[in-house]
Amino acid sequence: MKYSVFSLLRNAFQANRNWKPAWRDMSPRTDHVYDVVIVGGGGHGLSTAHYLAKVHGITNVAVIEKGYVGSGNVGRNTTIIRSNYLLPGNTPFYEWSLKLWEGLEQDINFNAMVSQRGVLNLYHSDAQRDAYARRGNAMRMNGVDSVLLDAAQVRAMVPYLDFDNARFPIRGGLLQPRGGTVRHDAVAWGYARAADSRGVDICQHCEVTGIRIEAGRVLGVETTKGFVRARKVALAAAGNSSRVAAMAGLRLPIETHVLQAFVSEAIKPLVDTVITFGAGHFYISQSDKGGLVFGGDLDGYNSYAQRGSLPLVEHVMEEGMGLMPMLGRLRVVRSWGGVMDMSMDGSPIIDKTPVEGLYLNCGWCYGGFKATPASGWCFAHTIARDEAHALNAAMRLDRFATGHLIDEKGAGPTPNLH
Amino acid sequence: MRIPCPHCGERPVDEFTTIGTADPVRPEASSDMKDWVDYVYIRNNPAGTHREWFHHVGGCRAWLVVTRDTRTHAILGARTAEEARKP
Ligand SMILES: Cc1cc2nc3c(=O)[nH]c(=O)nc-3n(C[C@H](O)[C@H](O)[C@H](O)COP(=O)(O)OP(=O)(O)OC[C@H]3O[C@@H](n4cnc5c(N)ncnc54)[C@H](O)[C@@H]3O)c2cc1C
Ligand SMILES: [Zn+2]
């Protein structure tokens, strides 16, 4: 069924009794050879399935997800999208992602609440202003929108911040007006529904437990529901990438770390953009339900537990208070954690692997939500054509050996600092 | 998370900084480039028991090797770097 104002009205007049599930609940077919099996039904796995079907006409595909669709990071992130990158290997990729976001809802016929409310990165010193000016210029040279604001301009936009804080005065900001937020669950559901409508099998509650390889070529995956044969296998397991890659004998330049996020009680509209604090690592926006959504740094140690510890909670609250003291009047109603695939240079990998027919998508750190459309777009291209798209040509697995790192922060091989 | 420092006793994790895995062994200077790439960039990243470096910056300032379960955050032991080197 195509969703529209008419389907809404028709169903309303039928007392909403005739809505159909948005996609078929499938088990992987074990008597069948899939063209592509995708491991991981997060945002990236599902968008890959959609673009494989839509752009490349490859519909004999299964997405195999061990939990339910949306149980991973795609349903745990703080929903920020932007393309304010500095390096050539990154900027065109993220800008293409933003362009895909702009047309996504029409493309997949699903309301993902794409909201281009702007992303404002604050600066607090002359040196930081210069760094932001450089980033803004790099963005503009790549056709990305960016505006450097002084303190008065920022004050006019978001007057409720602590501008004259003795330690972290706000001197201005770099604004990307086309950045914003997207309803994260809707992205997973919308891509799942779109892929399913073209014939892709979305298989939930089925864990991949092994990858069968013969003579250097992939044959399929072992799962909790049996052996599933496939001509090509594509890994998109985010925080569990090292574990699934190990099933194929691969060791990755990845560490798994926990990132936490928080939501306050709902209040009237206050924060109508996305604000990031430049004197620490803190970002805040407001959901349409009214809760303030915010987060900060990684806890800093390797973790596969989808929860963090208290010192980081305290740290995030302190940063929030340093930026916006009125936050102290609010109660935090929920917090949670997700496990991030932190790469050794802070940038992702979308590539073939040394195993024939096995493809890898990982290393998203904590910025992979905004990448969901372009990641699926490029991964689908890489799988279908057996070669990288120009946009992911630099996101190679072997770049660590050849020295072609994409290190936005210049932090070196320290995954907990990217 | 509380780490049992051999010098200071059980202390909260925010007194420590970590630089991550203690597993990789620094290759000889003359080793292959492949060994160096492995050492600098490639990680086992286990879901389970993991040995990692913690620095007790807010305490005795000793470097420790802490054994921890990355699935549960349970601390299984902590030794000074020097002790940890002994077999
Ligand atoms: C708290 C938090 C805040 C974040 N904020 C932002 C943000 O504001 N902006 C942004 O751009 N990014 C953000 N991110 C990062 C972003 O969410 C991730 O980079 C991105 O979602 C990862 O891709 P994914 O959606 O495919 O991952 P996931 O949704 O995690 O998908 C991977 C899936 O693989 C499945 N899987 C794993 N192993 C197996 C197996 N053996 N068999 C079958 N299935 C398996 C998992 O169950 C999971 O569903 C944030 C992340 C967190 C945790
Ligand atoms: Zn100590």
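The contact (heavy atoms within 4.5 Å) takes 22 residues from chain A and 23 residues from chain B. This is a predicted model, in which local features need pLDDT of at least 70 and side-chain atom pairs count only at pLDDT 80 or more, while totals for chains, interfaces and linings use all residues. Residues are numbered from 1 along each chain as its sequence is written, chains are lettered from A and ligands numbered from 1 in the order in which they are written, and side-chain values use heavy atoms, with hydrogens and water left out.

Between them, chain B and chain A bury about 2000 Å², where buried area is the accessible area (1.4 Å probe) that two parts lose on being put together, summed over both. Carbon and sulfur atoms carry 54% of that area.

The rule finds 2 salt bridges across the interface of chain B and chain A, each a side-chain nitrogen of Lys or Arg within 4 Å of a carboxyl oxygen of Asp or Glu. One of them is formed by the side chains of Arg43(B) and Glu255(A), at 3.1 Å from N to O.

On the side of chain B that touches chain A, the elements giving two or more residues are strand 3 (17-21), helix 1 (33-41) and strand 4 (49-55) of chain B; helices (H or I, at least four residues) and strands (E, at least two) are DSSP runs, numbered from the N terminus. Helix 1 of chain B supplies the largest share, 4 residues.

Chain B also provides the protein donors of the zinc ion (ligand 2): Cys5(B) (SG), Cys8(B) (SG), His56(B) (ND1) and Cys60(B) (SG), at 2.1 to 2.3 Å. Donors are N, O and S atoms within 2.8 Å of the metal (3.2 Å for Na, K and Ca); water is not among the atoms, so sites may look incomplete. The donor residues are spaced C-x2-C-x47-H-x3-C in sequence.
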